[in-house]
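Here's a quick briefing to read alongside the model. Have the viewer open, and jump between the topics as you like.

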Amino acid sequence: MKKFFPVYVRVPLIFFIVFALMEYCIDSGDRPAFIKYPMVSVFLFVFLFILIAIEVTLSAVNRVMYQLLSPEEKAKLDYENSLSLQESTWFKELMHKLTKTEPMSKEADLLMDHDYDGIKELDNNLPPWWVYLFYICIIFGVIYVVRYDVLGADDQEMELKKEMAQAKIDVEEYLKTAPDLMDEKTVVLLTDDASLAAGKEIFAMNCAACHRADAGGQIGPNLTDDHWILGGGIKNVFHTITNGGRDGKGMVSWKTNGMKPKEIQKVASYILSLQGSNPKEPKAPEGDVWVDESAPKTDAAANTKKDTTEVKK
């Protein structure tokens, strides 16, 4: 084997196999493992040094052992080393195990009675690899039929549908907690003190110049009343801050001005917490009164609607 895999092939091959396995097994993100983790480089250098040392030692041992051989043993070893791959003993033994071929001297024992125009047939055994593969196919076929046709296991189409459904659920769950992927469909109102305090700081830094520090309105509209130009509620306010106000006028898009979705959620929640705060000298209402249609109606509201209906009648 050493003849067909010389040292200048063996050493790089073994080294790069170990190198590839380490890169595959070590999670190093977007950088190679030997760069991100210096100890990996040290290990590879030591491994290469030991590999070369082993080859040098084995080569020296082989030369010493060769000198200790008798002339007849040297001649036999030289003869075996001079043989090609197909002529080598280990290759012939391997091929015989795989094919179970009979030597040409026994061909007469394999001849069958079939004779067509001088062409005769030999009764050779099937190669063992073919026979074993045939048996494996039969066993696989039986297991496949029992599993999918008898026991009713999920086929590839059903597995795909289940995986796609689960992936959709996983994505929706991830979007609920992923701040950088939040949008107006997944945003929720924050009410904790820490989030509202952070929203107040963001408002004072970015929004107070147009809406005043108390959100009573200046260049921008009053944010404390129940009138909204582009709709109220956390989803509409989040959408407006993210994408900006009306085309050609109104607020800029804060998504393109460096504000992250989580920050927009906090400042939108803070703005909604100011509803009904009645700042001093507020700007006149703009837009329409916004009513949350998704909010559950109270009994008082239902009775009021009923009384109004009766009066109209």
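Strand E1 (residues 111-116) and strand E2 (residues 119-122) run antiparallel and are joined by three bridges. Strands count as paired here if DSSP finds at least two bridges between them. Keep in mind that this is a predicted model, where local features need pLDDT of at least 70, side-chain atom pairs count only at pLDDT 80 or more, and totals for chains, interfaces and linings use all residues. Residues are numbered from 1 along each chain as its sequence is written, and side-chain values use heavy atoms, with hydrogens and water left out.

**The hairpin**

- Leu111 has Leu122 in E2 as its bridge partner.
- Two residues sit between E1 and E2 in this hairpin, and Asp117 in the turn has a positive phi of about 55 degrees.

**Overall build**

- The protein has 13 helices and four strands; these are DSSP runs numbered from the N terminus, with helices (H or I) of at least four residues and strands (E) of at least two.
- Its radius of gyration is 41 Å, whereas a compact globule of 313 residues would come out near 20 Å. That radius is taken over C-alpha atoms, and the globule rule is 2.2 Å times the number of residues to the power 0.38.
- The C-alpha trace spans about 120 × 55 × 35 Å along the principal axes.
- Among contacts with a separation of 6 or more, 58% are between residues 24 or more positions apart; a contact means heavy atoms within 4.5 Å.

**Surface and charge**

- Of the 313 residues, 21% count as buried. Buried means under 20% relative accessible area, exposed means over 50%, and partly exposed is in between (1.4 Å probe, protein chains only).
- There are 35 positive and 46 negative side chains, and the centres of the two sets lie 7 Å apart.
- For that count, Lys and Arg are positive and Asp and Glu negative, while His and the chain ends are not counted. Each charge is placed at NZ of Lys, CZ of Arg, CG of Asp or CD of Glu.

**Positive phi in loops**

- Most residues other than glycine have a negative phi, and most peptide bonds are trans.
- Ala215 isn't a glycine, yet it has a positive phi of about 65 degrees. You'll find Ala215 in the loop between helix H10 (208-211) and strand E3 (227-228), and it counts as buried because its relative accessibility is 0%.
- Asn278 isn't a glycine either, and its phi is positive at about 50 degrees. Asn278 lies in the loop between helix H12 (261-273) and strand E4 (288-289), and it counts as exposed because its relative accessible area is 65%.

**Helix residues and distances**

- Ser59 is in helix H3 (residues 38-68) and is partly exposed at 33% relative accessibility. Ser59 and Val7 are 52 residues apart in sequence, with their C-alpha atoms 9.5 Å apart.
- Leu58 also lies in H3, and it is partly exposed at 40% relative accessibility. From Leu58 to Lys185 there are 127 residues along the chain and 69 Å between C-alpha atoms.
- Ala197 belongs to helix H9 (residues 193-206) and is partly exposed, with a relative accessible area of 40%. Ala197 and Trp254 are 57 residues apart along the chain, and 19 Å separates their C-alpha atoms.
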